[in-house]
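Please read them with the structure open.

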Amino acid sequence: MSAVAAPAPAARVERWTRLSGGFTVLLAGLVVLLAFGPVLWSENALNNLIQLYFLVVLAVMWNALAGYGGLVSVGQQAFIGIGAYAVVFLSLQHSLEPYLAMLLATLIGAAVSIPVAAVVLWLRGGAFAIGTWVVAEAFAILVSLDPNPAIGGGTGTSALIPFNTRYTPEQRLHYTYWASLGTAAVLLAILFVLLRSRLGASLQAIRDDEGAAASVGVRVLLGKGVLFVLAGAGCAAAGALILAWQLSIQPLGPDSVFGVNWSAKMIFMVLVGGLGTFEGPIIGAIVLYLLQTYVSSSGVWYFVMLGAVAIGFALLLPRGIWGTLQERFNVQLLPVGYRLRGRA
Amino acid sequence: MDEGVKLLEAAGVRKRFGALVVLDGVDFAVGAGEGVGIVGPNGAGKTTLLNVLAGTYRPDGGRVLFRGEDVTSRAAARRCRLGIGRAHQVPRPFGGMTVFENVLVGAGAGGRRRGREKYRQAIDVLELCALGDLANRRAESLGLLHRKRLELARALATDPEVLLLDEIAGGLTEGEAAELVVTVGELRRRGIAIVWIEHIVHVLVQAIERLVCMDGGRVIADGDPDEVMRDATVVDAYLGSAAVR
Ligand SMILES: Nc1ncnc2c1ncn2[C@@H]1O[C@H](COP(=O)(O)OP(=O)(O)O)[C@@H](O)[C@H]1O
Ligand SMILES: [Mg+2]
């Protein structure tokens, strides 16, 4: 070790590698290609892809919270439900154009997440998880007790009228397809920009060791707050998409829009794909999508299967598919990191 | 020490964990650019004092002052941004990030540098701590020596006025410890004040000019290293702890 700093004239910092740059372009190209889905593929295929897209949104948002903020939430369904109900409220009660209502619902999700964050972010670990769940249940009960006929109380409601008075079923399918693809692409882009920004390195530091991050000056609470609001908006957007896709919703029960099954799915996707990696949740969403499309998609056996696969991963591949690959090959397909090049 | 030049100061600090009194009215100060060593048997409260100085723990009594300003209620991150850097006894790298990225976090969040200047700071710190060749390695794959160096490098990247080092030579060989002494010497030349906890006194005295000995949550000696090591209470504390071991 030398006491005098050796000059490193050729050292430079690289953010894009050929591999990651190529992959990013490929991914952007894929989104453009997928945008032609409605003219290329069957109604059935579009329906399947819509599901895949909102699963991607949910996985990416849950990973943003747990993977980067260390915030293991089991209450993100609160925002799915809020997003879905906000669309009904705005489009049925206030006759707003439903896709505009979906956009507003996303912003409402972000707005609601701010006071929620002010409460739950002070909780740690298990208390945070339980706190978020309590918040989700509280919202579900509030909605179920709402006497407003548009909301429908415990029996639920439907956005059939606002959608069907404006659009044919085919139009609704196509627009919902584009909305889902666009939401997934935009949220991924936002997270990508966020992780590449100055805050991004801090978020990864929080992910790895919150206390150590604080000791080098990282504003931990601010970082977590940004993630929580982003996840609130993203999950509300997913809820709005789920509403546009299935039209009728209920507030209560594990399968409802406020249901805890959503958390089970989000956790599954992120653990299988790779917690705390950018790419992992996308892979996890594809795995879940394949399982529910080709193996089973309902009933007890579905969740038994999810549980078995998740336990298998926890035992054999604790870093998930992408985390394992990344560890073995030290690759990064989406360039959110920094590489130092050109040292002698 | 002269009243006017105190940089970081603990005044009458008390800290309890349940019924266990760990800091029992500690007065400690370091001046700008000064090098102070802290020794004392295991469990004396050295790490706890550092935690109170760095803002990881709130003391139950007493105050912490930085440049004369009361920072007792300031959080650790804020104190780091003010200029108090800290290296943990057990290294706490950001395992999923590379060595270079670890240091960048320090330079960006703690040192509040941007862009090119941030990179230059990080590269400089890596070279100084002999980590340049490992810049792109994931931190979790490092061995103890390099983890210890990274812990120091990351704290250094935050641009501290005072650096709190907790047994950064612990578990290293004599040769490796000697290299750390050279590095710390360079930091001193740059005007950074050092508070260094270490058991290996003969290593420590090469890098500091004042020694503090703690025992049972109190400062039992403070002054010239040779005098402190000859002090009867210090000898007693060490023999006592040696007898227990
Ligand atoms: N977070 C904590 N909770 C409970 N006891 C603690 C905690 N931190 C330290 N202690 C206790 O305080 C005493 C002093 O610890 P420490 O400051 O680490 O000593 P040193 O660094 O001098 O070896 C020890 O008895 C230790 O067990
Ligand atoms: Mg200690």
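1. I start with a lysine in chain A. A:Lys224 has a relative accessibility of 6% and counts as buried, where buried means under 20% relative accessible area, exposed over 50%, and partly exposed in between (1.4 Å probe, protein chains only). A:Lys224 forms a salt bridge with A:Glu210, with the closest N and O atoms 3.1 Å apart; a salt bridge here is a side-chain nitrogen of Lys or Arg within 4 Å of a carboxyl oxygen of Asp or Glu. The pair links distant parts of the chain, A:Lys224 being in helix H11 and A:Glu210 in helix H10 of chain A, 14 residues apart. Helices (H or I, at least four residues) and strands (E, at least two) are DSSP runs, numbered from the N terminus. A:Glu210 is partly exposed, at 23% relative accessible area.

2. On the basis of these values: this is a predicted model, in which local features need pLDDT of at least 70 and side-chain atom pairs count only at pLDDT 80 or more, while totals for chains, interfaces and linings use all residues. Residues are numbered from 1 along each chain as its sequence is written, chains are lettered from A and ligands numbered from 1 in the order in which they are written, and side-chain values use heavy atoms, with hydrogens and water left out.

3. Other salt bridges. The count over all chains comes to 26. In chain B, B:Asp222 pairs with B:Arg210, the closest N and O atoms being 2.8 Å apart. This pair also links distant parts of the chain: B:Asp222 is in strand S10 (residues 218–223) and B:Arg210 in strand S9 (residues 210–215) of chain B, 12 residues apart. B:Arg210 is buried at 11% relative accessibility, while B:Asp222 is partly exposed at 42%. In chain A, the side chains of A:Glu14 and A:Arg12 meet in a salt bridge at 3.8 Å, N to O. A:Glu14 is buried, at 19% relative accessible area, and A:Arg12 is partly exposed at 46%.

4. How much area do chain A and chain B bury between them? The figure is about 3400 Å², 56% of it on carbon and sulfur atoms; buried area is the accessible area (1.4 Å probe) that two parts lose on being put together, summed over both. The contact (heavy atoms within 4.5 Å) takes 37 residues from chain A and 45 residues from chain B. Three salt bridges cross this interface by the rule. A:Asp209 and B:Arg92 meet in a salt bridge at 2.8 Å, N to O. Helix H9 (198–208), helix H10 (210–215), helix H15 (320–329) and strand S4 (339–341) of chain A each supply at least two residues of the side that touches chain B. The largest share of that side, seven residues, comes from H9(A). Separately, A:Arg319, A:Glu327, B:Arg138 and B:Glu140 are linked in a network of salt bridges.

5. Helix H9 of chain A deserves a look. Its buried residues include A:Gly200, A:Leu203 and A:Ile206. The buried residues of H9(A) pack against H3, helix H8 (169–196), H10 and helix H11 (220–246) of chain A, together with H3 of chain B. A:Ser197 caps the N-terminal end of H9(A), a side-chain oxygen lying 3.2 Å from the backbone nitrogen of A:Leu199.

6. A:Thr157 is in strand S2 (residues 157–158) of chain A and is buried at 11% relative accessibility. A polar atom of its side chain lies 2.6 Å from the backbone oxygen of A:Ala150. Leaving aside neighbours within four places in sequence, the contacts of A:Thr157 include A:Tyr85, A:Val88 and A:Leu247. A:Leu247 lies in the loop between H11 and strand S3 (248–249) of chain A and is buried at 7% relative accessible area. Phi of A:Leu247 is near 65 degrees, a positive value in a residue other than glycine.

7. B:Thr47 is partly exposed at 26% relative accessibility, as is B:Gln89 at 30%.

Methods:
Polar contact = N/O pair within 3.5 Å; in protein donor to acceptor, adjacent residues only side chain to side chain.
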